[in-house]
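Morning, everyone. Please look at the screen, and we'll go through one model together.

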Amino acid sequence: MSLRNSRYSSSYRRERSEDREMSRRQKEMENVIRELEDAKEASRELFALMKRLFDAFDLDGNGTVDVKELHELEKYEIIPPNTLRRLMEHDTNESMSISFQEFLGFMAEDWMGVDSVMSDASGDSDGDAGGRSSRDDRRARRR
């Protein structure tokens with residue numbers, strides 16, 4: 001009988017331990033979901049601010065920012081001198097103008113450092129296995 005109680009006791013402890021672990025995980029998931037909800041609202045605000053910035057760059061109001069507009073912004077020192085070059089690296093369709101979607105890519109990669117965050121998360125700090133960054137890959141595809 002003591003062997004049976006011992007097995008029951010061991011099984012009971014294991015189940016209780018699993019229950020505690022599931023409870024801990026559930027609380028963690030609930031916390032992450034709350035944080036995601038907060039981040040979603042912050043993302044909407046950030047998106048609206050990026051749209052306002054893009055619209056401010058779009059001097060002629062045609063929905064794209066072209067090289068002429070960027071030169072004008074550089075001329076009056078509204079944007080740093082190397083911004084034109086960096087922005088044009090995101091001209092994925094080689095139209096010599098930047099759409100809002102391309103601008104978002106620039107903001108995510110250059111301004112917010114999303115590429116470096118993604119590289120850090122994957123454990124690859126230099127981009128792909130060949131040591132090239134995604135920006136280098138994008139440039140190579142355009143050629």
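Are Phe57 and Phe103 buried or exposed? Both of them are buried. Keep in mind that this is a predicted model.

Let's stay with those two rings. The centres of Phe57 and Phe103 are 5.8 Å apart, and the planes stand at 80 degrees, so this pair is edge-to-face. Now find them along the chain. Phe57 belongs to helix H1 and Phe103 to helix H4, 46 residues apart, so the pair links distant parts of the chain.

How many aromatic pairs are there in total? The count is 6. Here is another one. Phe47 and Phe100 are also edge-to-face, with 5.4 Å from centre to centre and 80 degrees between the planes. Phe47 lies in helix H1 and Phe100 in helix H4, so this pair ties together parts 53 residues apart in sequence. Phe100 is buried, at 16% relative accessible area. Phe47 is partly exposed, at 41%.

Phe47, Phe54, Phe57, Phe100, Phe103 and Phe106 make up one aromatic cluster.

Next, the nonpolar core. The largest one has 16 residues. Which of them touch the most other members? They are Phe57, Val65, Leu70, Leu87, Met88, Ile98 and Phe103. Notice Phe57 and Phe103 in that list. Two or more core residues come from each of H1, helix H2 (67-75), H3 and H4. H4 gives the largest share, 4 residues. As background, nonpolar side chains tend to be buried together in soluble globular proteins.

Zoom in on Leu70. What does Leu70 contact, leaving aside neighbours within four places in sequence? Its partners are Val65, Ile79, Leu84, Leu87 and Met88.

Now for charges. Side chains of opposite charge can pair when their charged atoms come close. How many salt bridges does a search of the whole structure find? It finds 7.

Start with Lys51 and Asp55. Their closest N and O atoms are 2.9 Å apart. Where do these two sit? Both are in helix H1 (residues 2-57), 4 residues apart, which means about one helical turn separates them. Lys51 is partly exposed, with a relative accessible area of 33%. Asp55 is partly exposed as well, at 39%.

Move on to Arg85 and Glu89. This salt bridge has its closest N and O atoms 3.0 Å apart. Arg85 is partly exposed, at 48% relative accessible area. Glu89 is buried, at 8%.

Then comes Arg86 with Asp110. Their side chains meet in a salt bridge, 2.7 Å from N to O. This pair links distant parts of the chain: Arg86 is in helix H3 (residues 83-88), Asp110 is in helix H4 (residues 100-111), and they are 24 residues apart. Asp110 counts as buried, at 18% relative accessibility.

One more stop. Glu21, Arg24 and Arg25 are linked in a network of salt bridges.

To wrap up, follow helix H4. Phe100 ties it to Phe47 in helix H1. Phe103 pairs with Phe57, again in helix H1. Asp110 joins it to Arg86 in helix H3. H4 also brings the largest share of the core.

Note on methods: Residues numbered from 1 in each chain as written. Predicted model: local features only at pLDDT ≥ 70, side-chain atom pairs only at ≥ 80, totals over all residues. Heavy atoms only, no water. Salt bridge = Lys/Arg side-chain N within 4 Å of Asp/Glu carboxyl O. Buried < 20%, exposed > 50% of the residue type's maximum accessible area, 1.4 Å probe, protein only. Core = buried A, V, L, I, M, F, W, Y, C linked by side-chain atoms within 4.5 Å. Contact = heavy atoms within 4.5 Å. Phe/Tyr/Trp six-rings, centres within 6.5 Å; stacked < 30°, edge-to-face > 60°.
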